[in-house]
Amino acid sequence: TVVILIGDEDIIVQGTPVARVADVMQRSGNSIPELKAALLRQNSRVIRRASADTEVANREVTIMGDRDIPYRLLKKVMATCTESDYGRISLAVLQKSSDQLGELAAAR
């Protein structure tokens, strides 16, 4: 499962910051190009490891963040996941402070 962490300042994929939350919130539309590029890179890694007939419906992503994430931001992240051929999206709510989220992301 690919993990996306939505922090106070950054959107992080597998431990690597890919976009700034403030920049994403200022854009119109639901696509986040930087996130899409990172997810497509993850797709190519997964496809290399799995068989070539891996179905989109089986690609899974988990979006992690705290309960204060604006719905508009969550909607953009989820729409970008769908555009990037992830058919299974799970949500995980962290009940930790922003400082602890940053430490968790750095540890990954």
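Modeller: Of the 108 residues of the protein chain, 35% count as buried, where buried means under 20% relative accessible area, exposed over 50%, and partly exposed in between (1.4 Å probe, protein chains only). This is a predicted model, in which local features need pLDDT of at least 70 and side-chain atom pairs count only at pLDDT 80 or more, whereas totals for chains, interfaces and linings use all residues. Residues are numbered from 1 along each chain as its sequence is written, and side-chain values use heavy atoms, with hydrogens and water left out.

The protein chain contains four helices and five strands; these are DSSP runs numbered from the N terminus, with helices (H or I) of at least four residues and strands (E) of at least two. Their order from the N terminus is β-β-β-α-α-β-α-β-α. Among contacts (heavy atoms within 4.5 Å) between residues at least 6 apart in sequence, 70% join residues at least 24 apart.

The five strands form an open sheet in the order S3-S2-S1-S4-S5, with mixed pairing; two strands pair if DSSP finds at least two bridges between them. S3 and strand S5 (88-93) stand at the edges with a single partner strand each, so one side of each has no neighbour in the sheet. On average, neighbouring strands of this sheet are turned by 25° against each other, direction ignored; the axes are lines fitted to C-alpha atoms, for helices over the stretch in contact, and angles run from 0 to 180 degrees between N-to-C directions.

Strand S3 (residues 16-20) and strand S2 (residues 10-13) are antiparallel and share four bridges, and Ile11 has Ala19 in S3 as its bridge partner. Two residues lie between the strands of this hairpin, in which Gln14 takes a positive phi near 50°. S2 is in turn joined to strand S1 (residues 2-6) by three bridges, again in the antiparallel sense; here Ile11 in S2 is the bridge partner of Ile6.

Beyond S1 the pairing is parallel: five bridges join S1 to S4, and Met64 in S4 is the bridge partner of Leu5. S4 and S5 also run parallel, over six bridges, with Val61 opposite Ile89 in S5. Strand S4 (residues 60-65) is largely enclosed by the rest of the structure, because five of its six residues are buried.

Gln42 lies in helix H2 (residues 33-49) and is buried, with a relative accessible area of 11%. Not counting residues up to four places away in sequence, Gln42 touches Val2, Val13, Gln14 and Tyr86, and Gln14 is the hairpin residue with the positive phi.

In helix H3 (residues 71-83), the residues Leu73, Leu74, Lys76, Val77, Thr80 and Cys81 are buried. These residues lie on the same side of H3, because they cover an arc of only 160° around the axis, taken from the directions from the helix axis to the C-beta atoms. Tyr71 and Thr82, on the other side of H3, are exposed. After H3 comes Asp85, with a positive phi near 70°.

Note on methods:
Expected span 1.5 Å × (residues − 1).
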